[in-house]
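Me: I have a protein model open and would like to learn how its labels are decided. Could you go through them with me?

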Amino acid sequence: MLSSSTRITPAMNDQQTLLCALDQSRERALALLNTLNNGQVKVPYFPGINPPVWEVGHAAFFFERFILQNLDKAPSYNPALDDIWDSFELAHEDRWQEGLFPDKPDTLRYFDDTFARVRNRILEKPLTQADLYLYRYAIFHLNMHIESMVWCRQTLAYAPPPGANNTNNAAPVSSRIQGDVEIPVGRYRIGMPANSAHFAGDDFCFDNEKPGFVIDMKGFRMSPTLVCNAEYLVFVRAGGYENDALWSMAGLKWRNSNKARHPLFWKEENGQWLERHFDQWLPLQTDFPVKHVSYWEAQAFCNFADRRLPSEFEWEVAALGNHEHGAFNKFPWGNTMEPHRVDMDSAALARQSVHALPQGDSPFGCRQMIGTVWEWTDSLFFPYSGFTMDMYPFMSTLQFGDHKVVRGGSCATSSILIRGTYRQAYQPDRNDVFVGFRTCAK
């Protein structure tokens with residue numbers, strides 16, 4: 001089992017680091033499954049989660065389909081199950097049918113067999129750029145499902161993932177930042193380059209991040225920190241959920257249908273506000289970031305505070321500061337992921353102050369823009385001009401047009417997966433994931 005200090009090697013440009021990432025990703029996925037008892041494995045139906053056994057089988061299928069079958073024309077492990085493990089053949093609600101897919105022991109045998117074959121292939125075959133791209137893609141896909149297995153535990157009030165830090169011992173904060181930061185007018189680079197010679201290595205990205213372009217950005221002011229629980233509690237106590245004028249028409253529909261009066265995992269008992277952190281109800285820590293809020297809640301808060309959400313391009317400029325003719329960085333601090341600067345890999349799980357981690361500040365002084373919580377933006381998820389699909393045609397296309405862009409990754413996201421150009425998209429009513437927001441001046 002991974003310790004709380006274990007972080008996945010980020011390079012993945014050669015055989016050794018690729019195998020390390022593969023092995024550690026496999027270990028994390030197995031730990032998330034094997035630390036559930038038999039009753040917990042049979043999860044009840046929720047729209048935002050998957051049965052954990054199915055998730056593991058689906059991840060193995062992805063490796064089998066896009067590496068072993070695609071590159072080597074290898075026969076299917078079990079052709080009768082290909083449609084069962086394929087997320088675009090098996091409808092989400094059908095994944096709860098009793099006996100539809102193999103039980104945990106059989107699924108783990110499939111998982112182990114597939115990973116052994118992929119591992120041997122990495123050891124025995126030349127590491128071409130095309131092969132490296134597919135290896136990385138499949139490892140990243142597994143890590144996306146690792147994150148969803150973590151938020152499944154939160155949704156169902158299971159114990160925190162193995163390796164998580166003690167939730168009640170957040171590190172003290174030595175410096176606090178107040179007031180907005182100024183993001184100056186300028187021409188900034190957005191996204192990642194298309195047709196890069198390093199497409200499988202340093203310039204690896206997903207199709208929705210390409211092709212990069214230059215944007216003329218007006219100057220704006222942004223909060224250097226995420227909205228914290230104390231700020232959001234003011235909104236709740238002031239009747240923000242009851243004030244229809246603060247909510248859009250779609251927001252009102254969501255609020256009324258969900259009977260929402262506070263964030264999903266909050267409750268008030270005897271005059272004290274509590275927040276459920278996995279299987280524990282803990283006193284609400286006012287300095288911690290608000291999380292598990294929908295886009296509609298973030299929008300209503302902004303109306304209450306006379307603020308606004310950033311666009312996704314404003315967010316990327318504030319996080320990276322990539323001027324048109326300057327150095328290009330994928331992270332606020334440079335071009336290499338340095339996990340000690342962020343709350344990721346299910347370590348702190350957003351149980352620390354919004355003023356923590358100054359070592360991860362952006363060039364303009366914005367804090368925790370990578371990790372902690374995904375951040376809502378005001379942008380709908382659309383392709384960039386010149387978009388073309390990558391090898392996995394459903395990575396982005398099914399979300400275009402009706403999802404909102406979130407940026408930055410979360411505490412449950414794997415640090416090998418994220419960069420400042422990474423675009424995630426959620427339906428605006430999602431509040432089960434680790435998502436929060438920061439605001440801009442109007």
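Me: What makes R176 and D287 a salt bridge?

Reply: Happy to go through it! A salt bridge is a side-chain nitrogen of Lys or Arg within 4 Å of a carboxyl oxygen of Asp or Glu. The closest N and O atoms of R176 and D287 are 2.8 Å apart, so the pair meets the rule. R176 lies in the loop between helix 6 (129-155) and strand 1 (181-183), and D287 in the loop between strand 7 (280-283) and helix 9 (295-305), so the pair ties together parts that are 111 residues apart in sequence. Helices (H or I, at least four residues) and strands (E, at least two) are DSSP runs, numbered from the N terminus.

A word on the source: this is a predicted model, where local features need pLDDT of at least 70 and side-chain atom pairs count only at pLDDT 80 or more, while totals for chains, interfaces and linings use all residues. Residues are numbered from 1 along each chain as its sequence is written, and side-chain values use heavy atoms, with hydrogens and water left out.

Me: Why is D216 called exposed, and what is R187 called?

Reply: Buried means under 20% relative accessible area, exposed over 50%, and partly exposed in between (1.4 Å probe, protein chains only). D216 has 56% relative accessibility, so it counts as exposed. R187 has 36%, so it counts as partly exposed. The side chains of D216 and R187 meet in a salt bridge (3.0 Å, N to O).

Me: How many salt bridges are there, and which residues are linked in a network?

Reply: The count comes to 28 salt bridges. E312, E316, R407 and R423 are linked in a network of them.

Me: How do you know whether the chain agrees with a compact globule?

Reply: The radius of gyration is taken over C-alpha atoms, and the globule rule is 2.2 Å times the number of residues to the power 0.38. For 442 residues a compact globule would have a value near 22 Å; the chain has 21 Å, so it agrees.

Me: What share of the residues counts as buried?

Reply: Of the 442 residues, 58% do.
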